[in-house]
Amino acid sequence: MASTDFTSGADTATPAPIATDAPAAASTDAPDWETLRPPRSRFWHFAPGLWLRGGNRIEAPAWMRARLRFATLFHYNARNNVVSVGKGFSSRGLTIRFTGSGNRVEIADNVDFSGEIAIVGKGLCVSIGARSHLRDAKIGVRGAGVRIGADCLFANRVEIRSSDMHRIINRANGKVINPPRPVEIGNHVWVAGDVSIMRGTRIADDCVIGIGSLVNTRFDEPNCVIAGVPARVIRRDITWKR
C-alpha cells in the first residue's frame, strides 16, 4: 500500500519485506495441530448398536436390549458379531467393542458385570458363566478367546488379556515368540483386586487369586490360593465363600 509524504507531496511506497530462506517464527496464538490431531482408529470409527447392520445383533431380554444397544460399539467394518445376554443381567457401566467379524460375547443368567470388553479378530468368544460378579473389569481379546466359569467373583480393576497386543519376534528365525493364547478361568474362582491375568492362563475350579497378582501360566490344581508376581501356589486344599 502506498503512503503519502505530506511534506513533499510525493507518494512513497512501503518497502516490501526482504525474502529470506529462514522459516517464519510460529505465532504464539496458532494451535499445535500435532497435539490436536486425533489418533487414528478411535471412537468415531465405531457406531453404537442403535444402528445394527452387517449381520451384527444383540440377543437379550427386551428391557436390556435397548440398554445394550447404547453400550455396544461396532467398528464400521464389523460383521456378524453377536452379544448374547441371559436373564437377570445387571451392570453399573458397560462397554463392549467389536472389531472384526464372527465374534461373540456370551453372558449367562444372573451375571453382574461392569467394565469393558474389547474383541479384535475373527471367530473369537468371550463367555461369562452364570451368577458371576465382575466389577470394573477389563477384558481384551485378540487372536484367542476368554472363558470365565460360573459363580466367580472378581474384585475391582481385574484385567484379562489373551494377547500381548504387540508381537515379540525372534531375530534369528523371524518367528513370533508371544502368540495369542486363550484364557480359561474355572468355576467358583475368587479374584482379588488389581490382578492381571495374561495370555495362556488357566485357573482351575475353586481357587483364590491374591491381590495385585500377575497370573501368566496354567494352574491345573483346584482348591488353591495363588498369589505373587509372577503368581504361584501358596496354599492348597482350600475353599471359599462369599
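Colleague: Which backbone nitrogen lies 3.5 Å from a polar atom of the side chain of Asn-81?

Modeller: That of Gly-102. A polar contact here is a pair of N or O atoms within 3.5 Å; within protein, one must be able to donate a hydrogen and the other to accept it, and residues adjacent in sequence count only if both atoms are side-chain atoms.

Colleague: What sort of model is this, and how are residues numbered?

Modeller: It is a predicted model, in which local features need pLDDT of at least 70 and side-chain atom pairs count only at pLDDT 80 or more, while totals for chains, interfaces and linings use all residues. Residues are numbered from 1 along each chain as its sequence is written, and side-chain values use heavy atoms, with hydrogens and water left out.

Colleague: Back to Asn-81. Is it buried or exposed?

Modeller: Asn-81 is buried, at 0% relative accessible area. Buried means under 20%, exposed over 50%, and partly exposed in between (1.4 Å probe, protein chains only). Asn-81 is in the loop between S5 and S6. Helices (H or I, at least four residues) and strands (E, at least two) are DSSP runs, numbered from the N terminus.

Colleague: What is Asn-81 in contact with?

Modeller: Apart from neighbours within four places in sequence, its contacts (heavy atoms within 4.5 Å) include Gly-55, Asn-56, Arg-57, Phe-74 and Phe-98. Gly-100, Ser-101, Gly-102 and Asn-103 are also among them.

Colleague: Zooming out, how many helices and strands does the protein chain have?

Modeller: Two helices and 23 strands. Of its 242 residues, 38% are buried.

Colleague: Which residues of helix H2 are buried?

Modeller: H2 covers residues 62-71, and its buried residues are Met-64, Leu-68 and Ala-71. Seen down the helix axis they fall within an arc of 55°, so they line one face of H2. The arc is taken from the directions from the helix axis to the C-beta atoms.

Colleague: Why would residues a few places apart point the same way?

Modeller: An α-helix has 3.6 residues a turn, so residues three or four places apart do that.

Colleague: What is on the other face of H2, and what covers the buried one?

Modeller: The face turned away from the buried side carries the exposed residues Ala-62 and Phe-70. The cover over the buried residues of H2 includes strands S4 (57-59), S5 (72-75), S6 (82-85) and S7 (94-101).

Colleague: New topic. How many salt bridges are there?

Modeller: Twelve, where a salt bridge is a side-chain nitrogen of Lys or Arg within 4 Å of a carboxyl oxygen of Asp or Glu. One of them pairs Asp-194 with Arg-157, at 2.8 Å from N to O. Asp-194 lies in the loop between S16 (190-191) and S17 (196-197), and Arg-157 in the loop between S13 (153-154) and S14 (159-161), so the pair ties together parts that are 37 residues apart in sequence.

Colleague: Which residue forms a salt bridge with Glu-106?

Modeller: Arg-104, with the closest N and O atoms 2.7 Å apart. Glu-106 is partly exposed at 29%, and Arg-104 is partly exposed at 26%.

Colleague: What does Glu-106 stand opposite?

Modeller: Ser-127 in S10. Four bridges join S8 (residues 104-107) to S10 (residues 125-128), and the two strands run parallel. Strands pair if DSSP finds at least two bridges between them.

Colleague: Which strand do three bridges join to S10?

Modeller: S12 (residues 146-148), which runs parallel to S10. Ser-127 stands opposite Arg-147 in S12.

Colleague: Last one: where is Val-120?

Modeller: In strand S9, residues 112-122. Val-120 is partly exposed at 28% relative accessibility. Its C-alpha atom is 8.5 Å from that of Arg-97, 23 residues away along the chain. Leaving aside neighbours within four places in sequence, Val-120 is in contact with Thr-99, Val-141, Arg-142 and Gly-143.
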